[in-house]
Amino acid sequence: MKTTSLIVFTVAVIYGVSAIECPRCTNPNDWNSCSATHVCNGPDDTCQLVIENDGTKHKINYHCIHRQNCQQHATTYCDITVHGHCSMCCDTIDSCKILLDTVFEAGVSVTTCPKCTNVNDWMSCTNTQICHGSEDGCQLVVDNDGIRHKVNYHCIHRQNCQQHETQHCDISVHGHCNFCCDTADACRVQIEGIFDPSA
């Protein structure tokens, strides 16, 4: 009896420590109503903003989700006035608010790109950043100083990225490589192919 209680309590403490908060919309048809919050449970570590457009109104909802799962289903370039379904990721209450405000106040398309928390570790590029203005693509920059690789993602205009993309670039040989990707999932597949081609 005591052992079972201890296990349940320990699991609750572990999940409680790592729990994040996501916004909650009290009216799914009003983006201004998304100021409430709810605590995520279990291994969920990211908020997923889902916007659906039936042609007459928008339905907005936030879900708790695992970051990798969110990024795999994220709509990197999404215009809520055109697309029927948009899915985007945000990591904090503040970044979720900025994302929602950008989508509805600016009335523009929103692009999200990966963000690396450690420039010396390509596997740390699991967060996201919100692009602004006409930036509709993601640029992966890999620098090699002969000892280690430095990786970083930038928001960029897709055409500009393609003009500066390094064709057939070998990161183990070349000191500087530029790569382009359009969706969070495509960026993830691309960086895995660059650093772990055997996977």
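## The second largest pocket

Helix H3 contributes the most to the lining of the second largest pocket, giving four residues. Helices (H or I, at least four residues) and strands (E, at least two) are DSSP runs, numbered from the N terminus. A pocket, on a 1 Å grid over the protein atoms alone, is an open set of points where a 1.4 Å probe fits, with protein on both sides within 12 Å along at least five of seven lines, and lining residues have an atom within 4 Å of a point. The model is predicted: local features need pLDDT of at least 70 and side-chain atom pairs count only at pLDDT 80 or more, while totals for chains, interfaces and linings use all residues. Residues are numbered from 1 along each chain as its sequence is written, and side-chain values use heavy atoms, with hydrogens and water left out.

The volume of the second largest pocket is about 170 Å³, a volume being the space filled by probe spheres set on the grid points, which are joined across faces, edges and corners. Among the residues lining this pocket are Pro 23, Trp 31, Tyr 62, Ile 93, Lys 97, Leu 100 and Asp 101. Strand S2 (36-39) and H3 are the elements that give two or more residues to the lining. Seven of the lining residues are nonpolar, three polar and two charged; here Ala, Val, Leu, Ile, Met, Phe, Trp, Tyr, Cys and Pro count as nonpolar, Asp, Glu, Lys and Arg as charged, and the others, Gly among them, as polar.

## Helix H3

Buried residues of H3 include Leu 99, Leu 100, Asp 101 and Phe 104, where buried means under 20% relative accessible area, exposed over 50% and partly exposed in between (1.4 Å probe, protein chains only).

## The largest pocket

The largest pocket holds about 320 Å³ of space. It is lined by 19 residues, of which Met 123, Cys 125, Thr 126, Arg 188 and Glu 192 are the closest to its centre. Helix H2 (67-72), strand S7 (110-115), strand S8 (127-130) and helix H5 (184-195) each give two or more residues to the lining. H5 gives the most, with five residues. By class, the lining has nine nonpolar, six polar and four charged residues.

## The sheet S10-S9-S11

Three strands form an open sheet in the order S10-S9-S11, with antiparallel pairing; two strands pair if DSSP finds at least two bridges between them. S10 and strand S11 (176-181) are the edge strands, each pairing on one side only.

Strand S9 (residues 137-144) pairs with strand S10 (residues 149-156) over eight bridges and with S11 over six bridges. Leu 140 stands opposite Tyr 153 in S10, and its bridge partner in S11 is Phe 179. S9 and S10 form a hairpin with four residues between them, and Gly 146 in the turn has a positive phi of about 95°.

## The sheet S4-S3-S6

A further open sheet has three strands in the order S4-S3-S6, with antiparallel pairing. Strand S4 (58-65) and strand S6 (85-90) each have a single partner strand, so one side of each is left without a neighbour in the sheet. Strand S3 (residues 46-53) pairs with S4 over eight bridges, and Cys 47 stands opposite Cys 64 in S4.
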